Amino acid sequence: MKKISVGASVACLVLAANVYAAEPKDGGAINVVVQPEPPSLMIGMYSNGTTQQVGGNIFEGLLRYDKELNPHPLLAKSWENSEDGKTWTFHLEKDVLWHDGKPFTSADVVFSVDKMLRKTNARLRTSLEFVESISAPDDYTVVFKLNKPFGPFIRLFEVGTMPMYPKHIYAGTDYKINPANQHPIGTGPFKFVEWKKGSYIHLTKNDHYHVSGLPHINDLYWHVIPDAASRAVAFETGKIDVLPGGSVENFDVPRLTELDNTCVTTDGWEFFSPHSLLWLNNRQGPMADKRFRQAVMYAMDREFAKNVLWNGFGKVANGPVGSKTKFYDKSLPNYEYDPAKAKKLLKEMGYDGTPVRLLPMPYGETWQRWAEVVKQNLEEVGIKTKMVSTDVAGWNQKVADWDYDISFTYLYQYGDPALGVSRNYISSNISKGSSWNNVEGYENAQVDKLFAEAAVAFPDSKRQELYSKVQRQLVEDVPVAWLMELEFPTIYNCKVQNLIDSGIGINDAFGTAWIKQ
Amino acid sequence: MNLQTLLYIGGRLIKGVIILLIIAVFNFFLIRAAPGDPAKVMAGEAGATDEVFLQQLREQFGLDQPLYYQLWVYISNLLHFDMGMSYRQNIPVFDLIMDRLPATLLLTGTAFLLSIALGVLAGVIASVNYKKWVDSLITILSLIFYATPLFWLAIMASLFFSVYLGWLPGFGMETVGVELSGWDRVIDIALHLVLPATTLGLFFTAVYARMTRTSMIETSRLDFVKTAIAKGMTPSRVTRKHVLRNALLPVITLAGIQAGQLIGGAVLTETVFAWPGIGRLMFEALFQRDYNLLLGVFFISSAMVVLFNLITDVIYCVVDPRIELSK
C-alpha cells in the first residue's frame, strides 16, 4: 500500500536475494495471477500458457531443465544414451506416489508417452515419429529406441511437452472427457484442491512429495482477474504476490517495479525463447520479391520498439534461431535500421506502391502499438500500409487461411531448432488451417534438406555446422521479418524467495520457492 | 386474480416460448457468422497443431456435421432442456451457468434494488424541492453519473477506495484462503459487494432519479392533484398517495428493462472487479467462439427479458387498477 518509490535499488534486490540466500523456511501461502483463466489444468492436453503455469505444479515430466537448458533429474534419477545415439535408458525414482496414493512406475511412463500423449499432444506427436518403441524392462526402467539419433530427444521431457499421467486412472477411458480432468492427479509438489470458476484455483502442499524437504509453501492461490488495470491494482494493494510475465500491460511495468519491496526478473523463458516476427505472405504481391522482404527488415527501427514498447526488455532478433536456443549462430549478420537502404532496394525491384495489409496480434495494447510503429516505419520508406484489426478467432482464421499480407506473431522455440524453428520454414509444413506452421509459404529445397539432416545428425558438432548453414541461408532470404526475442518480466513481492528456478520459469516455480518471514 | 388475467398470462407464456425458440435459431446463425470457429481458436492457443488435431476437435464438437443438422440437434436438445457441453471446458453448459448465476444475481439484484430505492427517493426529493438548490444538486449529480462511462468509474472507485484508502477489497467476491462461516462470511461478501454494486447501480440510479423527478413534476400539475390540495390534504400525503403513485408508471417500465439485463448486463463491472459472474462467462465465450456456452447464456438472458416484460405488465395493473390485462 506504500506509494513512495525507492527507484533503481529495487531491481538489484533480485540478484541480492540469491547472494545471501538464507535457510529456506516452510509455510505460508502465495497468491498468483492467472491470466487468462485456463480452459483446463490438463497440461499436455491443453497447451495454453496458463494451463502450463498451474498444471506444471501438479504434474511432472521425467526431467527438469535449467536456464542453460541442461537436463536435470526429476521423476527420472538418471539416464544414459547408447553410442549410436539411438537407445535412451531412463532409471526412475523409486518412492514416487501419485496424489491418490498409488505408486508411480514405468508402466505409467509407457502409457503416458505411447498411448495418451500420442493422442492428445499434437506437438509431441511429430517428435514421437522418431521413436520406434518404448518399453519397460522392469518397474523402474524405461527404454526408448529411436529409428534415428534424433538430436533434440533429450529436450522432450519438459512437463508441458511430456507430462506423466496416472495409468490407473486414464487407461481404457476417453482421455478428453475423463472426470479426473476436472480434478487432476499428478506426482508434483502441489495437489489440486478446488477451482472456483471465474474466481480462483487452489492448490495445496503434497505431503508425500518425492523430493525430500520440498515444497516449502503450504498453499497456492491462482486468482482470475480479467482486467489488466485491476491486476495491477491487486498487486499494488498486496493482495497478489506474483504477476507472471505478460500478465500486466507493458506500460504498467515501470510503475509496478518501482513499488516498495518489489522484485522483477526476466529469467525463466529460456526454454521457450518467445521469438516475435512478421509473417510475410511470400505467395503474393510485393512480398514475393526477396528485395521487398529485405527492405522491410531495413525499414524497421526495432531498437526503438524494444526500448519504448517493451521497456528495454528483450533483444532484437537477427535470425530464425533465438540466442538462448541451442545451435544459435553468433556470427550471423544483422539487419540494422537503415531506411535509405530499404528505399534503395524498393527502387531496385520497382515497387509500384501496392498497399499491404498489416495484421496486429489481438493480445492487448502493446501489440496494437507495435503495429502502429511498424506501419509508420514502413510508410517512411514508401510502403503503403493498411491496418486490419480483428479478435483472436478472426486473427487465427486469417493467418491460417493465408488471408493476409503481413501479420504479427510470436512463436516458442522449445530449446532446439528441430522442435520450434524448422516447423516455420520447411516446405512440407505448408498446409492451410494452422497458424503455427510454414504460414508464409516459403519454399527452398536446400533449406528443407539442411533442416532434415540437422535434426538427426550426430553428434552435436555436426548439427551445429548444418544449423549455421541454414541460418545464413534464411537470413539472406528473409522468409519472415524477425522482430525481437521477447522477455516477459515476472514481477513479484520480494518476500518470495527462489521463485524462478528453471528454464520454464513460472511453469514449475513453486515447488522450490519459499517465503521469507 | 380473475380467470381473464390467468388466461392472459398463459397466452403470454406460450407466445414467450415461441419467441425464445425464434431467438435461439437466430442466435445460432448469428454466432456462426463470426470469423473463425472454436476448433481454430483452441488450436491457435495450443501453439502447435495439425489437421488431425483440428479434425479431432471438430468431430468432438459435432462441427463436422452439416449446418442444418447441427441446428436440428441444438433445438431438439434445447426442447429437452439440454443446452449441450461447453466445447472449451468439457462441462455441461447448464452447470457452468448455474455455477455463476448466484454471483451475478447477487450483484445485479443488489444494484437493481439499490438504484430503484435511491433513484426514486432522489427523484422525489428533487421534485418536492423543485428549483431549489437540492434539486439542482441532484440534477447535476445524476447527469454526471448518467454520462460517466461505467468502466472508468469502476477503475476510479477501485483506485480510491481500495488502493488509496484501503477500506474496501478491490477484486473478487470473497477473501480467498481463510475459512469464514456464518455472519463473518456474509459480512465478507457484503464488503466485496459494495464497490461493484455501487458502480453498477449508479447509472440506473441517475436514470431513475431523472425519470421520477420529471414524472413527479408533470403529475403534480394535473387537476386531480389540485383537487386533493384544495380538499386540504397534507402536502406529504398528496405527494405519496396521489403524485408518486401516478408518477411511478414510467419508472416501472424502465425497471422492467433493467431487470431484463440482470443476467448479462454486468460484463464491464464483473470484469473490472473480477466478480465471478455470467457476464464474464458470456464475454469470454464470445472470444473463444464457444458456441454452445454463448447460446446458453443468450437463451437464459432472453428468457429473463421475456419473463420480466410479463411481470412488468402485471405490476402495471397492480399500481394502476385502471389498466386491465387482456388480449
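**Stop one: where the chains meet**

Begin at the contact between the two chains, which takes 42 residues from chain A and 44 residues from chain B; two residues are in contact if their C-beta atoms, placed from the backbone, lie within 7 Å. Before clicking further, note that this is a predicted model, in which local features need pLDDT of at least 70 and side-chain atom pairs count only at pLDDT 80 or more, while totals for chains, interfaces and linings use all residues. Residues are numbered from 1 along each chain as its sequence is written, with chains lettered from A and ligands numbered from 1 in the order in which they are written.

On the chain A side, select helix H4 (122–128), strand E10 (219–223), helix H6 (228–236) and helix H12 (392–400), the elements that give two or more residues to the side touching chain B. Helices (H or I, at least four residues) and strands (E, at least two) are DSSP runs, numbered from the N terminus. H12(A) has the largest share, six residues. Colour the chain A side by residue class and you get 18 nonpolar, 16 polar and eight charged. For that colouring, Ala, Val, Leu, Ile, Met, Phe, Trp, Tyr, Cys and Pro count as nonpolar, Asp, Glu, Lys and Arg as charged, and the others, Gly among them, as polar.

**Stop two: a four-stranded sheet**

Now show chain A as a cartoon and find the open sheet ordered E4-E5-E7-E6, with antiparallel pairing; strands pair if DSSP finds at least two bridges between them. Strands E4 (76–81) and E6 (131–138) of chain A each have a single partner strand, so one side of each lacks a neighbour in the sheet. On average, neighbouring strands here are turned by 20° against each other, direction ignored.

Zoom in on E4(A) and E5(A) (residues 87–92), joined in the antiparallel sense over five bridges. Pick Ala76(A) and its bridge partner Leu92(A), then Asn81(A) and its partner Trp88(A). The two strands form a hairpin with five residues between them, and Gly85(A) in the turn has a positive phi of about 75°.

Which strand order does the six-stranded open sheet of chain A have? It goes E14-E18-E13-E17-E15-E16, with mixed pairing. E14 (315–316) and E16 (385–387) of chain A stand at the edges with a single partner strand each, so one side of each is left without a neighbour. Two bridges join E14(A) to the antiparallel E18(A) (residues 480–485), and Val316(A) stands opposite Met484(A).

**Stop four: the core**

Select Ala295(A): apart from neighbours within four places in sequence, Ala342(A), Leu345(A), Leu346(A) and Val381(A) are in contact with this residue. Ala295(A) is also one of the residues touching the most other members of the largest nonpolar core, which has 221 residues. Such a core is a set of buried Ala, Val, Leu, Ile, Met, Phe, Trp, Tyr and Cys residues joined through C-beta atoms within 7 Å, buried meaning that 20 or more other C-beta atoms lie within 10 Å of a residue's own. Helix H8 (residues 182–219) of chain B gives the most to this core, 13 residues.

**Last stop: two domains in chain B**

Finish by colouring domain 1 (3–79) and domain 2 (98–319) of chain B separately; these bounds come from an automatic or database domain assignment. Their centres, taken over C-alpha atoms, are separated by 31 Å.

Definitions and conventions: Axes are lines fitted to C-alpha atoms, for helices over the stretch in contact, and angles run from 0 to 180 degrees between N-to-C directions. A residue is buried if 20 or more other C-beta atoms lie within 10 Å of its own, exposed if 12 or fewer, and partly exposed in between; C-beta atoms are placed from the backbone.
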